[in-house]
Amino acid sequence: MVGERGTAGEHDDGAAGDTDTQPVDGSRAVDDAQESGDSASHFLPGRARVFVKTMGCSHNVSDGEYMAGLLKAHGYAVDFEDARKAAADVWLLNSCTVKGPSEAAFDGDVRRALALGKRVVVAGCVPASSASSATRASASQKRARGHVWDALSVVGVHQIDRVVEVVEETLKGNVMRLTKPKRVPLGQSHLADSPTKKWRKAGGANLDLPKVRRNPWVEIIPINTGCLNQCTYCKTKHARGDLGSYSPDEIWERCESVILEGVKEIWLTSEDTGAYGRDIGVSIVDLLWGIIAILEKYPKSGSMLRVGMTNPPYILEHLDEMVKILSHPRVFSFLHVPVQSGSNTVLDAMRRQYTVQDFTEIVTTLRENVSPAGCTVATDVICGFPTETDSDFEETMVLLRELQFNVLHISQFYSRPGTPAALMPRLSSEVVKSRSRAVSALFNAWLPYEGLVGVTVDALVTEISADGKFYVGHDKLYRQILVPMDEKYMGRWVHVEVVRTGKFFLEGKVLHVVGGNDNDDEEDEKNDFLVSAAGRQEDENGVKKTGKGVVVKRRTPKLVNVAGKMVKMTADKDIATNDSIISDGGKIPVVKDDNDDGTVLSVPESYKKQLAEAAGPIISMDATNNAATSVQKTATHYHSLFSTISVSLGVFVLLYGGVRAAKL
């Protein structure tokens, strides 16, 4: 058994019984590793390559980025692209259980990994949603169910902060399964020494963990996990559970930190943002006004807030305040509010806890009252719910014709095991498909952006189009604005004239750059490599340092921030033993970086301090010789970081010089 090494300040409900570590009996991955000489006896922490694949919602994406960040900060090479997965030692598969096809795709990935002899760690909502029944089932029952991942290591959705432990045990040939939710004392966001015996469900792993942002300009922040609903078709409830909210202070701190790192879009995510805070005595509007106050502290950053999906019942009571919030210039006038059906009879069978009239009031109020130009409301529709009659479906069509959504997610009903809807008699697949086609045809019939050629809009550019031909920005209504691929536009607000429109986009000619860079008034803007001015502070010697976080990608090649000095790095094969590059008399090792996928590794100050405290004092460091081999450590904790002398720069910089490294 592996000893408990939970993140400091957190409590795992029933953690002692939640950790199941054992040899993998007859695993092909183990056999292949032993044949290649990479057995558990030769295991070196931080010296493996991990392929990370995430499926599903933005909450899952954020979880995947956190797990990748932890692995990378502990020295592991992390790959995201399918083209590189064959070279990986471990596949970390972060799954989605919303629909049958998504779970089938996950099962297929597991089978492919095992067929290639890979070690596999599964994560996300598929194993989490089956955890309780798997715990009660016998070995024969598990085999009868036929889950291909039943004998594999599991990182639960509430245990992502322990992914390094799980990966390391898996590399050793063991199985480690962490699935139970975290709890914190009532009135506290983290576990502290306290005599209280009353607990509540936590929001999840701490927000101040290392994170690899796939898009350097976008930060996804989970504000709560789980929900208050009991929808009859939903399997995600089984995985994420009841509502557990992060404290406002923890979210606000994360928001400010990422703004200082140069992030331009902050996405709030959860299973239901409208329900946020009901378990801790606050509301979503309290949280949002606090975030807006932080955004206003950095007027030149140009950063924007996007509020994530909310179910109608909980946002309805905050409707007047939401109008004000979505009208604020630093908040996108965009809200995702799923309706699922236009029939009150079907909504009742779904246990959705609102009526079509409630939903219509939300949509019309936001569209008519949010300034300056209304609000984009996205919604979802499920076609072919078991109790849906022809008359019910027609009511849905009437609602869609009336409200004409610019963004509509259309789904066929999928029966999810263990849900009440799975016990209902299903409609024929022909009926379900025909209704889905009818909704799609209706949606595709209207062109919301017709007549907009010639108008001018401001857009914040943060993405690359799927075809790789344009940069993509978003205006206040969060409409997609395509602009030419000129690097000076990325991460900036641009003023564009619309020259072409499509069903889902506006194409613009850039008239000029508006702003969105904290260095607009600074002389060093002439540099290709910029550090956020808002994130700068001076030490006791007057030397300017970077504030919280990391330097965000603007150009290539790569930079690291060493004690406030920006140093260019080269890309040699390994950490050099003699070669180094010099910055103001200091030297750092030359580091290989053959996995430049444009991501950014964000390592919060609080996490670096936590590692330093766990590691103990660094006895000696000769910065003019081979820095990578001269560090001597005394700690017994976090042994995985220090059991090999050939540490990666990702670990080295966390422990020496207050360094933050970014994949630029």
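Trainee: How many residues has helix α3, and what distance does it reach from its first C-alpha to its last?

Mentor: Helices (H or I, at least four residues) and strands (E, at least two) are DSSP runs, numbered from the N terminus. The expected span of a helix is 1.5 Å times one less than its number of residues. Helix α3 (residues 100-115) has 16 residues and reaches 23 Å, close to the 22 Å expected. Just after α3, Gly 117 takes a positive phi of about 80°.

The model is a predicted one, in which local features need pLDDT of at least 70 and side-chain atom pairs count only at pLDDT 80 or more, while totals for chains, interfaces and linings use all residues. Residues are numbered from 1 along each chain as its sequence is written, and side-chain values use heavy atoms, with hydrogens and water left out.

Trainee: Which residues of α3 are buried, and what covers them?

Mentor: Buried means under 20% relative accessible area, exposed over 50%, and partly exposed in between (1.4 Å probe, protein chains only). In α3 the buried residues include Ser 102, Phe 106, Asp 109 and Ala 113. Their cover includes β3, β5, β6 and α4 (125-129).

Trainee: What is the order of the strands in the open sheet?

Mentor: Two strands pair if DSSP finds at least two bridges between them. The six strands are ordered β4-β3-β5-β6-β7-β9, with parallel pairing. β4 (77-79) and β9 (177-178) each have a single partner strand, so one side of each lacks a neighbour in the sheet. Strand β7 (residues 153-155) is joined to β9 by two bridges in the parallel sense, and Val 155 stands opposite Leu 178 in β9.

Trainee: Which strands does helix α7 touch?

Mentor: Contact means heavy atoms within 4.5 Å. Axes are lines fitted to C-alpha atoms, for helices over the stretch in contact, and angles run from 0 to 180 degrees between N-to-C directions. Helix α7 (residues 163-171) touches β3, β5, β6, β7 and β9, and its direction makes about 155° with that of β6. Nine of the nine residues of α7 are buried, so this helix is largely enclosed by the rest of the structure. Gly 173, which follows α7, has a positive phi near 95°.

Trainee: What is the mean pLDDT of the protein?

Mentor: pLDDT is the predictor's confidence in each residue, from 0 to 100. Its mean here is 75, and 69% of the residues reach 70 or more. Over residues 1-41 pLDDT stays under 50, and over residues 617-664 it is below 50.
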